[in-house]
Amino acid sequence: MEKEKILGLSANIGCEIIANGGEISRAEDTVKRINYAFGEECEVFALPSLFIAQSGEDVIVRRICKNDINLSELERLNALSRKICADTHADIHISLNRRNGFRNTAYNALAIASFCAFFGGSFTDCICAFTIGFLMALISGKLENMQKFSSALVLSFSGALSVIMLNFTGLAININSIITGIIMLLVPGITVTTATGDAMSGNIVAGLYGLLDAITTALAIAFGVAGAIFIGRVIYA
């Protein structure tokens, strides 16, 4: 494989690791290991929004616009990188961001229903949470190009408002359990964990970036739910 293709291949994988919520140190190490497997030296500098890789006179600079959590994609990318390092003569075909939209939507809805049950929701509450979660997941698919703050704000607001409007129909549901289930799916817990790992591995800038991202996402969730509750009270009054 040509030197330029090796660097481009490793850079694609490194960028996708970061874009799907992987640690900065993991992305940098993956790129270095792939190039080293082909006998090439590579220097890498990465941030959650920027990726730079250099091998000899070849330099690749990428802007990373998407930053989401997709553990299944991370597992696939890790397996792919190990396959490349183990067999440098293998015929590698990369298919990045391979997702099953309906399956992910159903999983998100099921997660919200599970959180609802965990926080004391009844069977009826779980059914309502699953339905609202399914609709939220569909909306989320349309907001992929939106900033994370705006996306979290829209999803938390629409989810909480749907629960409040459903309560106005007279259906006996536990609003708190359903809204809590919705919030739990949006809470950036993995982002905080990843940012902490980045900071502890020496990537201070990436760690601070991740923590700030988690704080702004949490604020967006709080504003969205508070706005929905305010509107519900105005309507009810």
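1. Glu73 and Arg76 sit 3 residues apart in helix 3 (residues 71-86), so about one helical turn separates them. In this predicted model, their side chains meet in a salt bridge, at 2.9 Å from N to O. Glu73 counts as buried, at 2% relative accessibility.

2. Helix 2 (residues 24-37) holds another such pair: Asp29 and Arg33 lie 4 residues apart there, about one turn of the helix. They form a salt bridge, and their closest N and O atoms are 2.7 Å apart. Asp29 is partly exposed, with a relative accessible area of 35%. Arg33 is exposed, at 53%.

3. Asp213 forms a salt bridge with Lys148, with 3.1 Å between the closest N and O atoms. Asp213 belongs to helix 9 and Lys148 to helix 6, so this pair ties together parts that are 65 residues apart in sequence. Asp213 is buried, with a relative accessible area of 18%. Lys148 is partly exposed, at 28%.

4. How many salt bridges does a search of the whole structure find? The count is 4. Among them are Glu73 with Arg76, Asp29 with Arg33, and Asp213 with Lys148. As background, side chains of opposite charge can pair when their charged atoms come close.

5. Helices 6 and 9 come up again at the second largest pocket. Helix 6 (148-168), helix 7 (175-186) and helix 9 (204-236) each supply at least two residues of its lining. The pocket has a volume of about 220 Å³.

6. Which residues line the second largest pocket? They are Ile164, Asn167, Phe168, Ile175, Asn176, Ile179, Thr180, Ile229, Gly232, Arg233 and Tyr236. By class, the lining divides into 6 nonpolar, 4 polar and 1 charged.

7. On cysteines: a search of the whole structure finds 0 disulfides. The cut-off for a disulfide is a pair of cysteine sulfur atoms within 2.5 Å. Cys85 is in no disulfide either, and the nearest cysteine sulfur to it, that of Cys42, is 12 Å away.

8. Is Cys42 buried or exposed? Cys42 counts as buried, at 8% relative accessibility. Cys85 is partly exposed, with a relative accessible area of 30%.

Definitions and conventions
Residues numbered from 1 in each chain as written. Predicted model: local features only at pLDDT ≥ 70, side-chain atom pairs only at ≥ 80, totals over all residues. Heavy atoms only, no water. Buried < 20%, exposed > 50% of the residue type's maximum accessible area, 1.4 Å probe, protein only. 1 Å grid on protein atoms, 1.4 Å probe; cavity = no way out; pocket = protein on both sides within 12 Å on 5 of 7 lines; lining within 4 Å. Points joined across faces, edges and corners; volume = space filled by probe spheres on them. Nonpolar A, V, L, I, M, F, W, Y, C, P; charged D, E, K, R; others polar.
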